[in-house]
Amino acid sequence: TEAIGLYNIGQSCCLNSLLQVFFMNIRFTRILRRITVPLRAEQKKRNVPYQMLRLLEEMQCGKRKAVNPEALAVCLSVFKVKLFVQHDAAQLFLTLWNLIKRQMNKPELVEELNDLYTICIQEHLACQKCSFEEKRNSCMLTLPLPLLDANCRMLKTLKDCLQHFFHPEELTDHNMCFCDQCGRKTPFLQSMKLVHLPQTLTIHLKRFCFEKSAYIHKLSHYLPFPQDLDFNAVLTESQCQADDNEKAGWQYDLFAVVAHSGSISCGHYCAYVRSLTECKWYCFNDSEVCQVLWDDVKCTYGHSNLHWGETAYLLIYMKKHPQ
């Protein structure tokens with residue numbers, strides 16, 4: 001009945017934060033509870049969904065303030081997820097999700113997992129010299145939003161980041177593509193159109209940025225994000241490739257924020273999650289869990305003068321009216 005923490009077993013704050021976001025999502029745990037439990041002990045040790053289910057049940061049945069995720073961490077290490085190292089939350093989320101999907105034996109659960117998290121985008125490539133156009137559908141687990149525009153200016157809001165992501169880009173000079181119809185390299189217009197959004201939408205704010213010297217630095221500037229997000233109010237008709245029924249479900253509430261503090265080489269993650277049953281915000285900081293206010297979550301907007309401060313890195317939104 002109470003929020004339970006996870007002990008840090010050695011730089012496991014990134015894993016702990018992501019696990020709390022998974023476990024607080026009722027739709028995900030409904031899928032997890034229906035997995036086929038492996039029969040042999042050795043299979044159980046190597047099965048990520050089973051180890052997650054076991055950890056979830058320990059958190060829900062125990063009376064301690066926190067539990068130890070060591071068995072799951074050891075299981076992940078079998079699949080080359082390193083222990084006792086700093087992880088990138090966006091990369092670890094993709095790794096975790098793919099391992100969960102790969103080890104779910106029931107096709108209907110895999111389909112439900114895809115429906116819960118997968119975004120569908122249509123990529124367009126149009127030759128600027130002739131009428132040739134190529135379209136390709138692709139799926140992704142996160143929307144990776146740049147925080148800088150093409151001129152390296154800082155984008156000011158989440159809406160700006162989304163519009164920039166879907167804004168057409170001219171491919172000219174050394175970026176030109178080969179056109180089969182023209183028989184040579186020509187300027188192209190590259191664009192992406194939104195086809196489908198899932199029940200649980202994960203947005204990756206690309207705060208870790210490469211400079212020309214190959215040095216990675218963190219973008220800590222102020223970037224507000226809304227509690228309510230309506231994609232119909234953000235994107236234009238030309239940026240969408242969906243029918244009215246699909247667009248009717250493009251209204252979201254903020255569910256969780258995975259925040260990063262510190263530097264690239266010495267950082268820490270925690271998760272702010274809104275309980276779907278209580279509608280209260282909690283901060284999960286490894287073994288420490290406390291109830292917080294929306295004003296506390298807003299502190300993760302960032303600040304250009306606080307490079308070591310806490311900044312939102314992953315935003316997780318939940319559909320208001322799931323179909």
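The second largest pocket in this predicted model is lined by 14 residues, and Pro146, Leu147, Leu148, Lys206 and Cys209 are the ones nearest its centre. Strand 5 (142–146), helix 8 (158–165) and strand 11 (208–210) are the elements that each give two or more residues to this lining. The space in the second largest pocket is about 310 Å³.

**Second largest pocket: composition**

- Strand 11 supplies the largest share of the lining of the second largest pocket, with 3 residues.
- By class, the lining of the second largest pocket consists of 11 nonpolar, 1 polar and 2 charged residues.

**Cavities: number and largest**

- The protein holds 3 cavities of 30 Å³ or more.
- The volume of the largest cavity is about 110 Å³.
- The lining of the largest cavity is made of 14 residues, and Ser12, Leu15, Lys82, Leu83 and His87 are the closest to the centre.
- The lining of the largest cavity divides into 9 nonpolar, 4 polar and 1 charged residues.

**Second largest cavity**

- Helix 1 (13–23) and strand 10 (200–206) each contribute at least two residues to the lining of the second largest cavity.
- Helix 1 gives the most to that lining, namely 3 residues.
- The lining of the second largest cavity has 7 nonpolar and 3 polar residues, and no charged residues.

**Overall fold and dimensions**

- The protein contains 11 helices and 18 strands.
- The radius of gyration of the protein is 21 Å, which agrees with a compact globule, because a globule of 323 residues would have a value near 20 Å.
- The C-alpha trace spans about 65 × 50 × 40 Å along its principal axes.

**Burial, contacts and surface**

- Of the 323 residues in the protein, 48% are buried.
- Where contacts join residues at least 6 apart in sequence, 66% of these contacts are between residues at least 24 apart.
- The protein has an accessible surface of about 16,500 Å², and carbon and sulfur atoms account for 51% of that surface.

Methods: Residues numbered from 1 in each chain as written. Predicted model: local features only at pLDDT ≥ 70, side-chain atom pairs only at ≥ 80, totals over all residues. Heavy atoms only, no water. 1 Å grid on protein atoms, 1.4 Å probe; cavity = no way out; pocket = protein on both sides within 12 Å on 5 of 7 lines; lining within 4 Å. Points joined across faces, edges and corners; volume = space filled by probe spheres on them. Nonpolar A, V, L, I, M, F, W, Y, C, P; charged D, E, K, R; others polar. Helix = DSSP H or I, 4+ residues; strand = E, 2+ residues; numbered from the N terminus. Rg over C-alpha atoms; globule rule 2.2 N^0.38 Å. Buried < 20%, exposed > 50% of the residue type's maximum accessible area, 1.4 Å probe, protein only. Contact = heavy atoms within 4.5 Å. Areas by Shrake-Rupley, 256 points an atom, 1.4 Å probe, with all protein chains shown as cover.
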